[in-house]
Amino acid sequence: MMREEFTESRAGDAYSISAAALAEAGFAGMPEQLISNRHLIYSSPATLAFNSPGAQGFGVKRAGLSIPGSVMLLVAPACCGRNTTILTELGGYGERFFYLMMDDTDIVTGRHMNRIPQAVKEVYDHLSGAPSVIMICITCVDALLGTDMERICRKAEGLVGIPVLPCYMYALTREGRKPPMVHVRQTLYSLLQPLPKKSTSVNLLGHFAPLIDDCELYEILRNMGVRKIREISRCGSYEEYLQMAEANFNLVLDPEARFAAEDLRKRLEIPSIELRRLYQIDKIQHQYRLFGAALGETIQDETWYEETKKAVESFRNTWGPLRFAVGEGCNANAFELSAALLSYGFAVTEIFADPSEEDFIYIRRIAAVSPDTRIYSNLEPTMLYYDIGNEAADIVIGKDAGYYHPDSVRVEWSDDTAPFGYAGVRLFFRTCEQALRESGWHREEVKE
Amino acid sequence: MKGLRLVIPPFAPDQSGAAGVFCMLPGLIVILDAGGCAGNICGFDEPRWFGSRSAIFSAGLRDMDAILGRDDKLVEKIAKACEKIRASFVAVIGTPVPAVIATDYRAVGRMIRKKTGLPVMMVNTDGTAGYDEGEKKAWKELVRLAVEETGEPAESGRNAVGILGLTPLSFHRAFSGEELESIKAGVQQREGCDSVYIYTAIDEMETAALVRKNLVVSPSAIPAAEYLKERYGTPYEIWCDPEWILPLEEKLQAAAEHPPKRVLVVHQQVLACGIRNILRDRTGAAVDVASWFGMEPSLQEPGDRVLREEEEWMSLVREGGYDLIVADQLLARAVPEYAGAWWDLPHFALSGRLQP
């Protein structure tokens, strides 16, 4: 039996649930099809970023190289370093990755541990200029062996005289208390040492690439008297990175940076405030109000609010009540973005994402206005039978949703540069507009 | 230092090789990992995956599954998936995680078979060996399952030839449908047979012992061919046409005025030996073959080398005196001082790049 016959002889349909049914079930009663550790994980191009975070976007390996001038030694079986070939093709990474490959004896006995300091030395000697830091990335094998990488790093530091840091790519702990992407954020800021505080310095934590240049957050902070706004991705040198320790407070823009912020609070006494990436403009306004109140400031954001509101209305007037499908493979929380789109008068026919407990705030909101929105898990085995190419959406957001709707207008919305705030909403609709125009959708579907 | 790579990234591992053998077959393929290995296999080492909807799954192991050895949970997950997915077999492919916790593959295989009623293939790869080792294990399991599960083969009288070992990882990329037809036509002409099987379907696989002969096009398929020969008397020949991936004739014509004298060919051994034979016949050059993967002793000649370490590759080029290297361009970055000619011979298991 050929593969083509196999996929056509469907054993059933892809599992999905309506927003109304999911809201009623609640997080506690969520069907197991939406709970990833209860079933095998279906591997499709839609889930590549989930299954292999190193292959696309910022996984542990690329994120671990965010410190300016750093290089990485990946200590693992060959299989863990394989997709790094892709990264070496990306600008600037070719000279920054090195590998110490384990053999079958290493993974059982852990004898590779003795070789790591010498391997670090050889990497150091191989480089024409001294790196600022050598990151040692270890994987599931060392998680199970219980390798004390902190001790090995100290030993390696003794040989090369520069910081050597562990970077834990433990896929096994992905749903644990401290998943790899949380861990790596903490590691990145662990080299900061106490400096005298400057009341005019602030750090933005959470993203590995900078916010979009026209993000109003920069101006809001400057209006508050902040002179230095530092993001690790905008630090031009290791010395500039170290200056992040002088910050008066940290702004946490991704929940995965909470641990890092807490660590900085304990070690360097830098407090933090968390802001979320949102697409509902009234919620963005509310968040800025709360942020201002926490700092004893009044944030004047009316201009940006009105500008953004107009941009949304203009898009809506031009393109009408488009039907969206939203995936989780994008720079947004799929449920929050869906709730926003519904509030602007669009339809959301499908959402591809596994809900967390926090997402139920949005799911209830979605269910109230669009009870029939279907929610799929990208990872559930029956997604093998998803009817690819069905016309359930005019425009799809995210790499995953794009995979399911190859004939719809597709917006990946997954650039490295991080959209945020009102500017993020405006850029989102500009990007959608551009995609619609380029696809010719406007001519065929609206004018006629 | 052993295992240290300063210039060349790691090559396709055994688990990718195993997955590539099963990829186009109608089974439930489970990578026994936490997620990253499945992502690496599908997103990088299996070019056919992007265009197909293969039933490849990750077991989604978590730390406590590994620490507590929850095999029953794995079997349960597989059984549930089998209720929803129509599959004619289950293949479970190992990764470093089951290797570290010493998973009992035979026992788990029996449990899955009992629970699902489906034929089961367990491939104990561990992510540390080359792709060819995984292919070897998978080809052998697959041949055993396909032939044995259907009973002793009867005399067929078919004038058919099979091609064993034609995977993207053993060549430059996935062959297109048109290219496969062309390969089949070439083999048909060479062998004077009625039909040619490339074993990408279970019913074709079941005939592996019935064909007049199997052509083995990569070293990783030799043990499976050997098994068929020993068990069923099906003969095999190790052979592959380099023109499938390299326009050798074109290259030779272009180099006619300055023919090479000393050549190094680096690829999987069967293809590399095919290139050697043609180069030697046409130019009289001395040709060495090297491979980063396993080599069949009967095909080796003095001067041939199995490469393991980056340093071995560098010293081979430095000291070999070659004026032509035929190898994947990825390897050139480790020998920038080499001044001779270089014919790019892409090997998907090395560079993983998609060729036009």
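In this predicted model, the axes of helix 7 (residues 131–148) of chain B and helix 10 (residues 222–232) of chain B approach within 7 Å and cross at roughly 30 degrees. Because angles under 35 degrees count as roughly parallel, helix 7 of chain B is roughly parallel to helix 10 of chain B. The crossing of helix 7 of chain B and helix 10 of chain B is right-handed. On the helix 7 side of chain B, the residues that take part are B:K136, B:W139, B:K140 and B:V143, and they meet B:P223, B:A224, B:Y227 and B:L228 of helix 10 of chain B. Sorted by class, this contact between helix 7 and helix 10 of chain B has 6 nonpolar residues, no polar ones and 2 charged ones.

From this helix pair within chain B, the next step is the contact of chain B with chain A. Here 61 residues of chain B are in contact with 61 residues of chain A. On the side of chain B that touches chain A, several elements each supply at least two residues: strand 1 (4–5), helix 2 (36–45), strand 3 (56–58), helix 3 (63–68), helix 4 (71–84), helix 5 (96–100) and helix 9 (202–205) of chain B. Helix 2 of chain B gives the most to this side, with 9 residues. By class, the residues of the side of chain B that touches chain A divide into 33 nonpolar, 17 polar and 11 charged.

Strand 1 of chain B also takes part in strand pairing with chain A. Strand 4 (residues 97–101) of chain A and strand 1 of chain B pair in the antiparallel sense, over 2 bridges. In strand 1 of chain B, B:R5 stands opposite A:Y99.

Chain A itself is divided into domain 1 (68–180), domain 2 (201–293) and domain 3 (302–447). Between the C-alpha centres of domain 2 and domain 3 of chain A the distance is 27 Å. These two domains touch: 17 residues of domain 2 of chain A are in contact with 22 residues of domain 3 of chain A. On the domain 2 side of this contact, the elements that give two or more residues are helix 12 (216–223) and helix 15 (281–295) of chain A. Helix 15 of chain A gives the most to that side, with 3 residues. By class, the side of domain 2 of chain A that touches domain 3 of chain A has 11 nonpolar, 3 polar and 3 charged residues.

Key
Residues numbered from 1 in each chain as written. Chains lettered and ligands numbered in written order. Predicted model: local features only at pLDDT ≥ 70, side-chain atom pairs only at ≥ 80, totals over all residues. Domains from an automatic or database assignment. Contact = placed C-beta atoms within 7 Å. Helix = DSSP H or I, 4+ residues; strand = E, 2+ residues; numbered from the N terminus. Nonpolar A, V, L, I, M, F, W, Y, C, P; charged D, E, K, R; others polar. Axes fitted to C-alpha atoms, helices over the stretch in contact; angles between N-to-C directions. Parallel < 35°, antiparallel > 145°, perpendicular 65-115°, else oblique. Left-handed = near helix turned anticlockwise from the far one by under 90°. Pairing = 2+ DSSP bridges.
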